[in-house]
Amino acid sequence: MGRPTGTRARWGRAAAVAVTVVCLAYAPIAMTGILPYARPGAPALGEWLLGRSVSPEFVAEAVRDRMGPYGRSLVPLLAHSVLGGLLMLLGPVQLLSAVRRRVPLHRIAGTVFAVTVYASMAGAALYLVRTPPAEAFSGAAFWIVLATILAGTVGSVTFGVLAALRGLPDLHQRWMLLCYGFLMTAPLLRIEWGLLPSFYPGLGLADINRVAIMHLGALVSFGALLASRALDRRATVPGVTGTWCPPPVRIAAHLAGAAGLVWITAAFLDEGTAGRRLLLAYLVPYAVTYAVIAVRAARAGARGADWAREEWSLHLAALCLAPAFSAVTVPVLERTLGLDRLTALVAGVGIGCGMLAYAAVTVVSLRILYAREVLRRQQEFADLPTSPANAPAAVGTPAEGARG
């Protein structure tokens with residue numbers, strides 16, 4: 001699909017460097033993160049850094065609150081954290097080898113990456129299965145968000161592998177970027193642990209987690225979308241005609257999204273100070289994401305880049321539907337899991353943007369697959385051999401017609 005050029009290339013290189021630095025810095029933090037729970041007093045780089053950036057009391061409270069839930073699943077969590085650190089190292093290798101077209105290295109590292117994702121997520125799944133949602137660290141809402149991220153990570157890497165095996169590099173690239181986006185929730189959450197206490201002094205780690213999950217899913221899926229579009233320079237895709245997101249669909253999505261946002265805003269405001277804090281953590285990133293996608297879609301349409309406009313538009317429609325999805329999900333979580341209103345609200349809002357971004361990538365993939373199928377059938381029809389049965393009947397001469 002080509003490498004980015006010009007300004008886009010410079011921004012792309014800067015983003016790649018930033019992601020690589022974060023991944024390399026987080027790898028040792030991930031690999032040592034569970035050690036204090038397996039052996040109290042064991043060195044853990046993340047706890048050491050957090051104690052100096054926030055306070056030793058903040059860390060002590062976090063370790064105390066996580067000791068019970070983590071103690072029941074130390075081996076799975078240890079495997080999950082160590083393999084998660086390895087994934088942080090493999091991710092930049094995958095990205096750089098793909099951009100620079102180092103095909104053998106990309107395939108070997110990709111195989112190791114996929115196997116490691118499955119193994120690491122298996123450890124996380126065991127922890128979630130063994131831990132009732134109400135007993136999880138940060139409560140049921142955080143458990144639900146973790147389970148959703150796990151499902152999204154496994155699903156996206158699976159579709160990415162299948163796309164590679166079918167020889168669909170554009171779809172493979174999108175799914176693997178989304179997979180790595182979901183994996184990046186771990187280092188980004190750690191960054192927020194260090195930064196958010198400055199804005200919300202006195203909040204414990206459990207409350208910081210609730211603030212962070214208001215936007216983590218939206219941010220990582222948005223990052224995956226930006227990377228996908230930066231690497232895809234095609235103005236058109238063969239077989240893609242028209243749009244799957246016409247004006248009536250866009251209008252309906254915006255109306256549903258507006259209704260969802262009004263409901264979410266009212267629900268959070270009813271929860272007092274904590275609700276206002278969570279609402280702000282949701283609305284600001286959401287508004288920025290919406291503005292960027294809407295502007296990119298408009299610019300793509302103005303310069304005649306039909307495929308870029310189509311992909312931006314599909315993601316914009318999904319983003320608009322995310323608040324509506326969350327609003328519908330909240331009462332479902334209340335009734336099925338027996339959650340209180342605030343917990344269900346935090347969980348429903350926390351998973352909305354990530355799930356709808358996953359749905360948007362699915363729709364984009366179906367759009368491309370449908371276009372390929374249309375081209376295949378057109379080619380098959382063009383290649384049909386001409387036979388007497390398929391040939392049109394000859395028109396007789398006037399004389400023959402008169403004789404008839």
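This is a predicted model: local features need pLDDT of at least 70, side-chain atom pairs count only at pLDDT 80 or more; totals for chains, interfaces and linings use all residues.

The largest nonpolar core has 93 residues. Which residues have the most contacts inside it? Those are Met88, Phe113, Val117, Leu183, Met214 and Phe268. If you ask which helix gives this core its largest share, that's H15, with eleven residues. There is another core apart from that one, with 14 residues, and Ala163, Leu168, Val237 and Ala253 are among them.

Let's zoom in on valine 117. If you skip the neighbours within four places in sequence, valine 117 is in contact with Leu87, Thr153, Val157, Cys179 and Leu183. Leu183, by the way, is on that list of residues with the most contacts in the core.

Compare that with leucine 83, over in helix H5, residues 74–99. Leucine 83 is partly exposed, at a relative accessible area of 24%. Again leaving out neighbours within four places in sequence, leucine 83 is in contact with Thr116, Ala119 and Ser120. And for a sense of scale: from leucine 83 to isoleucine 251 you cover 168 residues in sequence, and 44 Å in space, C-alpha to C-alpha.

Now the charges. How many salt bridges turn up in a search of the whole structure? There are 17.

Number one is arginine 190 with glutamate 47, where the closest N and O atoms are 3.9 Å apart. Arginine 190 sits in helix H9, residues 185–199, and glutamate 47 in helix H3, residues 45–53, so this pair ties together parts that are 143 residues apart in sequence. Are these two buried or exposed? Arginine 190 counts as buried at 17% relative accessibility, and glutamate 47 counts as buried at 9%.

The next one is aspartate 306 with arginine 309, with the closest N and O atoms 3.3 Å apart. Both are in helix H14, residues 306–337, and because they are three residues apart there, about one helical turn separates them. Aspartate 306 is partly exposed at 39% relative accessibility, and arginine 309 is partly exposed at 37%.

On to the surface. Trp244, Val363, Leu366, Leu369 and Tyr370 make up a nonpolar patch there, with about 440 Å² of accessible area together. Nonpolar side chains in soluble globular proteins tend to be buried together.

Last item, the backbone. Most residues other than glycine have a negative phi. Serine 138, though, has a positive one, near 70°. Where is serine 138? In the loop between helix H6 (103–130) and helix H7 (139–165). Serine 138 counts as buried, at 6% relative accessibility.

That's me done, happy to go back to any of these on the screen.

Conventions. Residues are numbered from 1 along each chain as its sequence is written. Side-chain values use heavy atoms; hydrogens and water are left out. Patches are made of residues with over 30% relative accessible area and no salt bridge: like charges are joined within 9 Å, nonpolar side chains (Val, Leu, Ile, Met, Phe, Trp, Tyr) within 5 Å. Accessible areas come from the Shrake-Rupley method with a 1.4 Å probe; for residues, only the protein chains shown count as cover. A salt bridge is a side-chain nitrogen of Lys or Arg within 4 Å of a carboxyl oxygen of Asp or Glu. Helices (H or I, at least four residues) and strands (E, at least two) are DSSP runs, numbered from the N terminus. Buried means under 20% relative accessible area, exposed over 50%, partly exposed in between (1.4 Å probe, protein chains only). A nonpolar core is a set of buried Ala, Val, Leu, Ile, Met, Phe, Trp, Tyr and Cys residues joined through side-chain atoms within 4.5 Å. Contact means heavy atoms within 4.5 Å.
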